[in-house]
Amino acid sequence: MRIFNLKKMAVFSLQHRILFFVVFCSHFVYGQISYSIPEEMKKGSVIGNIAQDLGLDLKRLKSGKARLYSGDSTEYIELNKERGLLLIRENIDREALCAKITPCALHLQMVLENPMELYSITVEVTDINDNAPTFQKSEIRFEISESAITGASFVLGRAVDPDVGINGLRSYSLKPTDNFALDKQADVGKIVEMVLQKPLDREKQRIINLLLTAFDGGDPRLSGTMSIHITVLDANDNAPVFTQKVYKTIVTENAIKGTKLTSVSASDADDGSNSHVSYYISDAVDSSVTEIFLVDQHSGDVTVNGQIDYEKSNHYHLDVQARDQGGLSDSCKVIIDVLDVNDNKPTIDILSMSSSISEESKPNTVVAMIKVNDPDSGANGQVHCVINDNIPFAVTNPSTDFFSVRTEQELDREREAEYNITVTCSDEGVPSLSSSASLRLQISDVNDNAPVFERNNYEAYVVENNTPGLSIFTVKASDVDSNQNARVSYILEDSTVNGVPVSSYVTVSADSGVINAVRSFDYEQLKDFHFRVKVQDGGSPPLSSNVTVKITIQDQNDNAPQILYPVQTGGSLMAEIVPRSADVGYLVTKVVAVDVDSGQNAWLSYKIQKATDRALFEVGPQNGEIRTVRQVTDKDAVKQKLTVVVEDNGQPSRSAVVNINVAVADSFPEVLSEFTDFTHGKPYNDDVTFYLILALAAVSFLFITCLIVIISVKIYRWRQSRIFHHSNLPVIPYYPPGYADTGVTGTLPHMYNYDVCMTTDSRKSDCKYSTLGGQKVVIMDRSFTETMQHVKTENNFLEDPNSPELQKPPNNDWRLPPNQRPGPSGQHRFHTLQQKWTPYKKSRAAARPEEAGPGAVVGTGPWPNPPTEAEQLQALMAAANEVSEATATLGPRYNAQYVPDYRQNVYIPGSTATLTANPQQQQVPQQALPPPQALPPAEAPKAAPTPASKKKVTKKDKK
């Protein structure tokens, strides 16, 4: 502890006395400073520069939120924090403030925060001569008997001057002084008495007027006066006399009204009415005192008439007069001492308080400053403060009436986040009185606790074949800190599982701690794995902890048993041989199977599902051994087939089937001959049904689509035919241009197509299509009715490329120009006759689509057998005759010189014969074509065999 004393004098227009006393203790600073000023200074006057006097920076006054605390209702002084000055705020009247008390001072406290500092400021107010002496009454009257003896005294009272010291009351003056004079022995501060110096003579002067003047010692000198009026009465020789000049008594404060304190007594030697004495409290006594005490006029009892408060005054003086009927009087003093009673509780004022404090604050940190005042005296006014609760706080007393609340030990917000501090202050009176004040203090959090998981380690189970994204379980951690420091987030620490990052197996939700599966687990590949999850809070710096998590994969019956023996092969045939001499229990073979699952999912059982002879074989349900049940006999078939089902114990169970071929024979050749045509049952493919359904749906869709297209085309053609049927326009047949002969000579090739286009009805534009030498042969009769003949050729014959009867390619005559070819000649050919050659095994093409005109029908089909020469000639004649008639009836009429008559001079290729047209045919009148009639198909006329048309009889022809 360090103590500093400082006194300094500063002279402006007044003197200042400054006493500076500073106490430093731990984090708390306490200091004292004193100033001295005269009363009645103007508002705004400067008392002193407190910042400079205390050695404080102006910034410190602002940052510490400096403020003054006076405890009085009237604030006479204020603090200017901008300049660090103490200023007069209200007019200070020393007499009103302190009355007669000296020295008169104002006691203030200046409080600073962060850190807390307390300074006591004492401002002494000095007196100035601003009050003149005054008397209680402006005039006083006496009735004095003329018989009053010389030396008789008369109480005049006293003057009152509120000023003190040299400015207070100093002297009295009485004028005139013919009969009376002031008592020289009386003190100035006591009651003034006048003494009769010269006997009175009523006959000379009935009324005497005197003037009493009181003077103070100030500069300038002030005075007050009181007029004295004396009426001279007839003689009363004896004055009353008190039995004692001073009476003393004691009274306790708060004494009830009417309490008797003492009795005064006076006697008068006169007789009669002049001996009757009356008691009065002197008019010189202050009115505030006369309101508290009362003197009985007849008995002289002094009683309590008002409230006595020791804190206001602990000592009273009463001047009591005794007066007889003749006007003679005497006086005495009554001194009353007041005993203090513990009737005031300590008052607690909180000067400064912190609303919150960090939990990392060190011990002895000041959290609040309080001032305690007890107006009682002695032990009744001695106060001590304590904190009764068991909390880490204590109260210290750095100075009188000031207490500070400090931390006693380190704080922990997690143990207690808030404290309600109750400070109880008690005095030492009997009985003791106390007061209490409550302080609420929040403990602010510091990130001093790491998050903690609920368990030291976690273990969870998940069934294999889980769905990715499945929530496995949740890890939970908590942080006892608050707010952001308690906000936890979960992090998956980097590690590997079988060389693969653990993040590809699981993820952890940062907010909720939910662990989700990233992939589908397979028990057969991974039984369990470990990883670590870290939890981190949101503090700065963040704190963290981690925990180990074990994920155990639980097996699921997802694998069917696998047959290891016997091995199932698709191409070869395996069979177990059992000799016919085998006895009961003969071990045929053993089915060996495994299941990669575990536990009861891997428990396998064996049973025979199908068998050629169930009474011959049995299988061990646990070991899969196939043994004979009975003795093998000659009646048993050589070929035995067993179907064994291997089933696991899972829920639901899975199974595998194995087919075992058993040969009951004694020799291998016998087995071989029996198993030559042995067929294996093919395993059923589960996908066959799906593919069949898919194919059926596709075919159905295509069929419906084709059906809709065909119906649409039919409707369209029917509508087109109706349009042409109802039309009245003449129909002009269209004859497509002649197909280029490509240089064919007059000698016909071995195989030709003859296409004829004509109309069958003048009201329709449909054209009938005739084909010769193809699969379909249309023969036109004279009435333009067509007959279809289907010629079917042997497919085997056509498909055999080595057949000797293949069609020969055309001869070289086709390379000659048209005018050099043998046969019919002329510049023009009938345009509806087209000659084409189609190679063997090609689609027969009439006019190419791009060369055929609208309405022309193009026929297709493979070439038939080559027609005979007679058939070619007959077809040519019929076509020429019919085309000529159609031209005469329907088409434009051509000049004969331009249209060659193909019915004349028709040459047969390879022959010297020339055929002429039948005259009857030329005479047939040309007529319009009749409507088409549906005729039954007629057989084509058979031509005589020619060398060119002869065929060899082959073996296929026989078939």
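The structure holds two disulfides, a disulfide being a pair of cysteine sulfur atoms within 2.5 Å. This is a predicted model, in which local features need pLDDT of at least 70 and side-chain atom pairs count only at pLDDT 80 or more, while totals for chains, interfaces and linings use all residues. Residues are numbered from 1 along each chain as its sequence is written, and side-chain values use heavy atoms, with hydrogens and water left out.

Cys-98 and Cys-104 form one of these bonds, with their sulfur atoms 1.7 Å apart, and because the torsion about their S-S bond is about 65 degrees, this disulfide is right-handed. Both cysteines, Cys-98 and Cys-104, are buried, a word that stands for under 20% relative accessible area, against exposed for over 50% and partly exposed in between (1.4 Å probe, protein chains only). Another disulfide joins Cys-385 to Cys-425, at an S to S distance of 2.0 Å; its torsion is about 105 degrees, so this disulfide is right-handed. Since Cys-385 lies in strand β31 (residues 383-387) and Cys-425 in strand β34 (residues 418-427), the pair ties together parts that are 40 residues apart in sequence. Cys-385 counts as buried at 9% relative accessibility, and Cys-425 counts as buried at 0%.

The chain as a whole has ten helices and 62 strands, where helices (H or I, at least four residues) and strands (E, at least two) are DSSP runs numbered from the N terminus. Four of the strands make an open sheet in the order β37-β46-β45-β40, with mixed pairing; two strands pair if DSSP finds at least two bridges between them. At the edges of this sheet stand β37 (457-463) and β40 (488-492), each pairing on one side only. Strand β37 runs parallel to β46 (residues 544-554) over seven bridges, and Ala-460 stands opposite Ile-551 in β46.

Elsewhere, strand β17 (residues 207-216) contains Thr-213, which is buried with a relative accessible area of 11%. Leaving aside neighbours within four places in sequence, Thr-213 is in contact (heavy atoms within 4.5 Å) with residues including Phe-135, Tyr-172 and Thr-225.

How far can the model be trusted along the chain? The average pLDDT, which is the predictor's confidence in each residue from 0 to 100, is 75, and 70% of the residues score at least 70. Over residues 1-27, however, the pLDDT is below 50, and over residues 886-959 the pLDDT is below 50 as well.
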